[in-house]
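Have a look at the model first, then read on.

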Amino acid sequence: MQIILRGLHGDDSEESVAKELAPYLHVTHVEMVRQGLDDNPWALVEVADPYERVWNVCNQLRGVFHRGKPLHLHIALHQEPDVS
């Protein structure tokens, strides 16, 4: 399942995002997207968790401040649900 994470800083990296989310989710891959303003990247985060857990974590962390910027987490649309 993929989530979109916004509210990052220019010096954030794939490794730092994965490390910070590790207590909440099983992160399998992070892709940083650096378009537009240098200090405003976002990340596409692949996680190996069921939908309900991802939904709860997104709601729990949404709006939490990360080094002065509020985090915005969204479940990427158009994904096949995990039926396992």
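Aspartate 49 is buried, at a relative accessible area of 5% (buried means under 20% relative accessible area, exposed over 50%, partly exposed in between, with a 1.4 Å probe and protein chains only). Its side chain meets that of arginine 53 in a salt bridge, 3.9 Å from N to O (a side-chain nitrogen of Lys or Arg within 4 Å of a carboxyl oxygen of Asp or Glu). Keep in mind that this is a predicted model, where local features need pLDDT of at least 70, side-chain atom pairs count only at pLDDT 80 or more, and totals for chains, interfaces and linings use all residues. Residues are numbered from 1 along each chain as its sequence is written, and side-chain values use heavy atoms, with hydrogens and water left out.

**Salt bridges overall**
- Searching the whole structure turns up three salt bridges.

**The arginine 67 network**
- Salt bridges tie Asp11, Asp12 and Arg67 into a network.
- Aspartate 11 and arginine 67 pair up through their side chains at 2.6 Å, N to O.
- That pair links distant parts of the chain, 56 residues apart: aspartate 11 is in the loop between strand E1 (2-6) and helix H1 (14-21), and arginine 67 is in the loop between strand E4 (65-66) and strand E5 (69-70). Helices (H or I, at least four residues) and strands (E, at least two) are DSSP runs, numbered from the N terminus.
- Arginine 67 also has a salt bridge with aspartate 12, with 3.3 Å between the closest N and O atoms.

**Buried or exposed?**
- Aspartate 11 is exposed, at 57% relative accessible area, whereas aspartate 12 is buried, at 5%.
- Arginine 67 counts as partly exposed, at 48% relative accessibility.

**Histidine 9 and its surroundings**
- Histidine 9 sits in the loop between E1 and H1 and is buried, with a relative accessible area of 10%.
- A polar atom of the histidine 9 side chain lies 3.0 Å from the backbone oxygen of arginine 67.
- Neighbours within four places in sequence aside, histidine 9 is in contact (heavy atoms within 4.5 Å) with Arg34, Asp39, Pro41, His66, Arg67 and Lys69.

Notes: Polar contact = N/O pair within 3.5 Å; in protein donor to acceptor, adjacent residues only side chain to side chain.
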